[in-house]
Amino acid sequence: MLHAADPVQRTDTGRQRRGNEDCSYARAPVFALADGMGGAAAGEVASRIAIEAFESGLPGGGTAEERLAVVVQRANREIYDRAQADHRLDGMGTTLTAVLLGPEEIALAHVGDSRAYRLRGGELTRLTEDHSLVEELVKDGKLTEEEAFEHPQRSIITRALGQEPVVQVDTFSYPVKPGDVIMLCSDGLTDMLPERQVAEVLVAAPTLERAAQRLIDEANNAGGRDNITVVMFRVEGGEVAADPASDTLLLTGAEAAAAGLGHSSAEGGRAGAPGPYRQPAPHALRDLARAGVDRASAAVPRSRRQGPAPQAGPPVREFGLTGKLVAGLVSLAIVLFLVGGAGYLASRQLYFLGTDNQGTIVVYRGFPYQVLGVNLYETYYVSGVPAELIPASRRHALLNHQLHAETAAFRLVNDIELGRISG
């Protein structure tokens, strides 16, 4: 019978973030980590909701993977509903990686670009696949792993909790044995340290506690551009006495800072400086467009479909003036619906930069107009970068609501965050 020994949770704000939007959970046999996004306090809200979904326990029945997936879907729906109900939380989301330790294996549920690793015999194996733009490019052979590590858009994720009513969850199982170390981490670690260096730290450290702190220290020394969270445990065999209260821990970034479990964001770096953006771009948008095409082709009138000709029926009655007027209005409504639908789909592919009420740079999706008091745009990503960081001579040109493709809009945000925009 396998059990988790020496569980460790550590988190740190990093050197370039104002707050900590990571949240983690450890109550053997379940361990989970969430990395929130959305700007202001929204990311912290999303990650906390995701982790709190595990507090009530896993559902009974089903495989280990299915039980984890149920909790993830429940968390996703709550985050989505909260964002729909509160405009201040619009666009929030979070990654989520969860592990359930069983008698002979671990089951995982995964969404986003946080990661799970297994250390065995000095060899570190990644157990999850990032749902990110650069991971797609690596799979397509357009980037090497080394190039992906340095890519400026490596923080753009393609899947996150809270973006749609239902999320696609990756689940899988791996055999484990006594001596294995399982580690969950946010991208604040893996964006700073290559896997080779992570493995070296894990192998050299005398305890998991020391290993976790050493990883955080080295990530900060490498720049600490994002929140850094590590959750680890060692797999051991034999029976263990159950103590439900002793291994329960839900750790948020704010609570960790208050408890002194992480370093101040001001240590060795610029406190309050913006970090790299994290932007969900769900495949569901493309799926929606495809579904629209499929529905359109399914609506082809019978006279244009193949099949037996309709049988002759009674003579068609001519419409009077009223009938023609009604038919005309119906036809106009159909045309407006089709044009509006096309406009809506087009607006989902257009983005522009602006600022919110706090003067923070925001990427909006849609058209920069308002009709009859209704905005034709929505908040898509809150960068956390104040507009005043842009040189005054360039500010108006960059924030003039010019429409961009998604990649171009986020390229501008990334250039601003990295200080590449000069006067």
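**Reading the ring pairs**

Student: How many aromatic pairs does the structure hold?
Tutor: It holds six. Rings of Phe, Tyr and Trp (its six-membered ring) pair if their centres lie within 6.5 Å; planes under 30 degrees apart count as stacked, over 60 as edge-to-face and the rest as tilted. The ring centres of F31 and F233 are 4.3 Å apart and their planes sit at 20°, so that pair is stacked. F31 in strand β3 and F233 in strand β12 are 202 residues apart; strands are DSSP runs of E, at least two residues, numbered from the N terminus.

Tutor: Before we go on, this is a predicted model: local features need pLDDT of at least 70, side-chain atom pairs count only at pLDDT 80 or more, and totals for chains, interfaces and linings use all residues. Residues are numbered from 1 along each chain as its sequence is written, and side-chain values use heavy atoms, with hydrogens and water left out.

Student: Are F31 and F233 buried or exposed?
Tutor: Both are buried, meaning under 20% relative accessible area, while exposed is over 50% and partly exposed is in between (1.4 Å probe, protein chains only).

Student: Which way do Y364 and Y377 pair?
Tutor: They are edge-to-face, 5.4 Å centre to centre with 80° between the planes. Y364 lies in strand β16 and Y377 in strand β17. Y364 is buried at 10% relative accessible area, whereas Y377 has 29% and so counts as partly exposed. Ring pairs also link F352 with Y364 and Y377 into a cluster.

Conventions
Helices (H or I, at least four residues) and strands (E, at least two) are DSSP runs, numbered from the N terminus.
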